Each structure stands twice: as C-alpha cells, then as structure tokens.
Amino acid sequence: MNLKEARRLFFKLRSENRIDVCEDHVIGGHPERGYSMDEVVSLVKGSGRLQDTTERRFVGDRFYWRTKDLQENAVRLVVEFDEDNAGQVILVISAGERT
Amino acid sequence: MINRVKERLYRYKHALGSIVVDEVEIGVSAKGRRSLSAAEIDRLSRLVVLSYLKANYRKAIEATEYTLTASEVRAVVAFLGVNQSEFGQLVGCQKSKVSKILRSEQQISKSQALLTLERLAMELARPGSTRKLLGDESITVRDADDSLVRELNQMRYSSAA
C-alpha cells in the first residue's frame, strides 16, 4: 500500500472510529508518559501527519502517525492496517516520542 | 486478521484508576497481538470515570482543601476530548494556568477541582455534551444508559445528605 492510499484509508477509518489499540502500546515507545488507551485513541483522532516508516525492522504496511499530545510534546505512533469481521481497522502498535 | 474474543475478569488500567470488568471483547491478531477497540476503550473508560467520581465526589465537597494531580487533570482533559484552552474555558481559568497545572507547577483550586468533577459527571451522563457546550454544533449529544445515570444521581444525592 502506498502512502497516498494509506492516508485515504487512515482518515476514513478514524472517522468511523475503527481504531484498535494494542495492550502493550507503550513498549518500545515512551512508557514514562504512560498514555492510557483512551489517550492513544484521542492522539489518533487529533491533527497530525501520516508518514512512511523508515525502519527496516518494520515488515509490511506500517506507517508513522506524527502528532502532538496535550502538553504539545511531539508523539510518534506506529500504526498498521488490519481487519476484523466488520472490515478494516487502524491498529496502533506503539505510542512514543518522536525519534 | 483480528479475531474478537470475550475475556472474563479483565483489568483495565487508566490514569483515574483501574477496574476489573466481568467481560471484555479483546482483539487477537494473527501475530498474537492483543488489542482493544476504540468502542470498548470508551466503554471501559466511562466505567473508570464513574468509579472515580463515586470515590471522590463526596470527598471533594466535604474537604476543606481539595486538588487534583497533574495526571488526573490530564486524564480528565483527554476524557472530555478538549484541548488546554477549552479545558480552561470549562473550569474558568487561562490556558497558561492549565499548562502549569499539567506540568505540576501549579495546583488546581478546590472550586476548579469541583467544577472539573461536575464536567466529568456531565460528560458521563450525556456523552458529547462537553463539546456541545463549547459550541461544536456538529456533535450529537447522546443519553447514557439509565443504570449509569441512576448511579450518578445516587452519588449526587448521597453527597447532599
């Protein structure tokens, strides 16, 4: 999936509230910020920019959602697209600082 | 592919406390990754907020001095779905003060803490009402289910007794 398609899908899915957050979303991210799961959902719904990942360890269609938290800290979420029996969904893998 | 499975006695952790719920729908991906859907997170967060209000509402009214920690305020702001300046509008203070509260450089006053709890109760009873109050006309305000509203009323009534 290219970035343009991913952006279109991301905005469509978030407008439909089709978001899943991994239980271990802070692992490898920024645990001291301790985002609760509902904060992660609000980060996905905030303003930001979807970008390609640059890390080779990420296999498949993974993207960065770059946004800011309540305290204006830059946050980088790693997201991928998956699906359940109702269709596609944004899966938030991690939520941490911008690196 | 994410499979949705029911899990019993699930512990949900939140900045306002943690709760154990009878049943939760967990998503399990092909790689074994466990997730919660936004709808399920919303439901569980509402239960946490209710439990938080029940534990603190009366205490806040009766205490001579009462404040909220920075992490509590942050969790409330996130739950209400507002930004710092909107939160300031809701509790009657400047954005700069909200910013200091969130950085633990200043404390929220008792009257503002009480108003914060009222805003929480309002949003819990009528989801979407906070954004509506701030002038967002695109929001449809819903009514929470009757049992939750009953519990909120009971909490208020017992506090007044």
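Which hand does the crossing of H1(B) and H5(B) have, left or right? Hold that thought for a moment, everyone, and keep in mind that what we have on screen is a predicted model.

Let's start with chain A. Chain A has 2 helices and 5 strands, and along the sequence they come in the order α-β-α-β-β-β-β. Chain A is 99 residues long, and 36% of them count as buried. If you take the contacts in chain A between residues at least 6 apart in sequence, 48% of those join residues at least 24 apart.

Now, how does chain A meet chain B? On the chain B side, 25 residues are in contact with 19 residues of chain A. The elements of chain B that each give two or more residues to this side are strand S1 (3-14), strand S3 (34-37), helix H1 (38-62) and H2. Sorted by class, that side of chain B has 12 nonpolar, 8 polar and 5 charged residues.

There is strand pairing between the chains, too. Strand S1 of chain A, residues 19-22, is joined to S3(B) by 3 bridges, and the two run antiparallel.

Right, back to the helices of chain B, and to my opening question. The crossing of H1(B) and H5(B) is left-handed. Their axes come within 10 Å and cross at roughly 145°. From H1(B), the residues that meet H5(B) include B:Val49, B:Leu50, B:Leu53 and B:Tyr57. On the H5(B) side, the partners include B:Leu117, B:Leu120 and B:Leu124. By class, this contact has 12 nonpolar, 1 polar and 1 charged residues.

H5(B), which covers residues 110-125, also packs with H2(B), residues 70-80: the axes come within 10 Å and cross at roughly 35°. This crossing of H2(B) and H5(B) is left-handed. Here B:Val76, B:Phe79 and B:Leu80 in H2(B) meet B:Thr116, B:Arg119, B:Leu120 and B:Glu123 in H5(B). The classes in this contact are 4 nonpolar, 1 polar and 2 charged residues.

Key: Residues are numbered from 1 along each chain as its sequence is written. Chains are lettered from A and ligands numbered from 1 in the order in which they are written. This is a predicted model: local features need pLDDT of at least 70, side-chain atom pairs count only at pLDDT 80 or more; totals for chains, interfaces and linings use all residues. Axes are lines fitted to C-alpha atoms, for helices over the stretch in contact, and angles run from 0 to 180 degrees between N-to-C directions. Helices (H or I, at least four residues) and strands (E, at least two) are DSSP runs, numbered from the N terminus. A crossing is left-handed if the near helix is turned anticlockwise from the far one by less than a right angle, and right-handed if clockwise. Two residues are in contact if their C-beta atoms, placed from the backbone, lie within 7 Å. Ala, Val, Leu, Ile, Met, Phe, Trp, Tyr, Cys and Pro count as nonpolar, Asp, Glu, Lys and Arg as charged, and the others, Gly among them, as polar. Two strands pair if DSSP finds at least two bridges between them. A residue is buried if 20 or more other C-beta atoms lie within 10 Å of its own, exposed if 12 or fewer, and partly exposed in between; C-beta atoms are placed from the backbone.
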